[in-house]
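Hi,

Here is the structure I promised to pass on. Have a look at it first, and then read on for what turned up.

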Amino acid sequence: MENCVFCKIMAGEIPSARVYEDGEIVIFRDIEPKAKIHLLCVPREHFALLSEADDARAALLGRTLQKIGALAPQLGLADGYRLIINQGENAGQSVHHLHIHILGGQTLEWE
Ligand code: AMP
């Protein structure tokens, strides 16, 4: 997708600190970390919102969650982590390519 920063990262046009990639997803470090470890897990397929998830994308997202669970120890997240998906204006979504924030490496506040 033209002008999508995450598509550009995945195409190698913008540098990123990748920690994992396969045919379906890429995981790289957030450029403005909100926790000691702040990763972004991005499906290679461009779509912006959960409401655009058809059955194939729903299956992709299921596999993606399973992979995050399996990868957590090697990503330094063995002690726990938080997943966040910002959707739309009220959540402050700034990149309109669906992505999962992975936060960890420390105790996370929840208030
Ligand atoms: P969201 O507000 O959920 O759309 O989050 C977008 C995230 O992408 C923010 O946390 C940004 O810091 C992050 N981000 C934007 N550009 C880059 C980039 N070039 N490399 C890594 N992370 C980025």
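One term before anything else: a residue is called buried when its relative accessible area is under 20%, exposed when that is over 50%, and partly exposed in between, with a 1.4 Å probe and protein chains only. Keep in mind that this is a predicted model, where local features need pLDDT of at least 70, side-chain atom pairs count only at pLDDT 80 or more, and totals for chains, interfaces and linings use all residues. Residues are numbered from 1 along each chain as its sequence is written, and side-chain values use heavy atoms, with hydrogens and water left out.

Let's begin with H99, which is buried because its relative accessible area is 5%. You'll find H99 in the loop between β4 and β5 (strands are DSSP runs of E with at least two residues, helices are runs of H or I with at least four, and both are numbered from the N terminus). The H99 side chain gets to 2.6 Å from the backbone oxygen of H97, and it also makes a polar contact with the side chain of H101 at 3.5 Å. By polar contact I mean a pair of N or O atoms within 3.5 Å; within protein, one must be able to donate a hydrogen and the other to accept it, and residues adjacent in sequence count only if both atoms are side-chain atoms. Leaving aside residues up to four places away in sequence, H99 touches F6, L40, C41, V42, I84 and I85, where touching means heavy atoms within 4.5 Å.

Q93 sits in the loop between β4 and β5 (100–104). Is Q93 buried or exposed? Q93 counts as buried, because its relative accessibility is 8%. Its side chain reaches the backbone nitrogen of G88 at 2.8 Å, and a polar atom of that side chain lies 3.2 Å from the backbone oxygen of A48. With residues up to four places away in sequence not counted, the residues Q93 touches are A48, L49, N86, Q87 and G88.

L83 is another story: it belongs to strand β4 (residues 81–84) and counts as partly exposed, because its relative accessibility is 35%.

As for the whole chain, there are 2 helices and 5 strands, in the order α-β-β-β-α-β-β from the N terminus on. Buried residues are 37% of the 111 in the chain. The C-alpha atoms fill a box of roughly 35 × 30 × 25 Å along the principal axes.

Cheers
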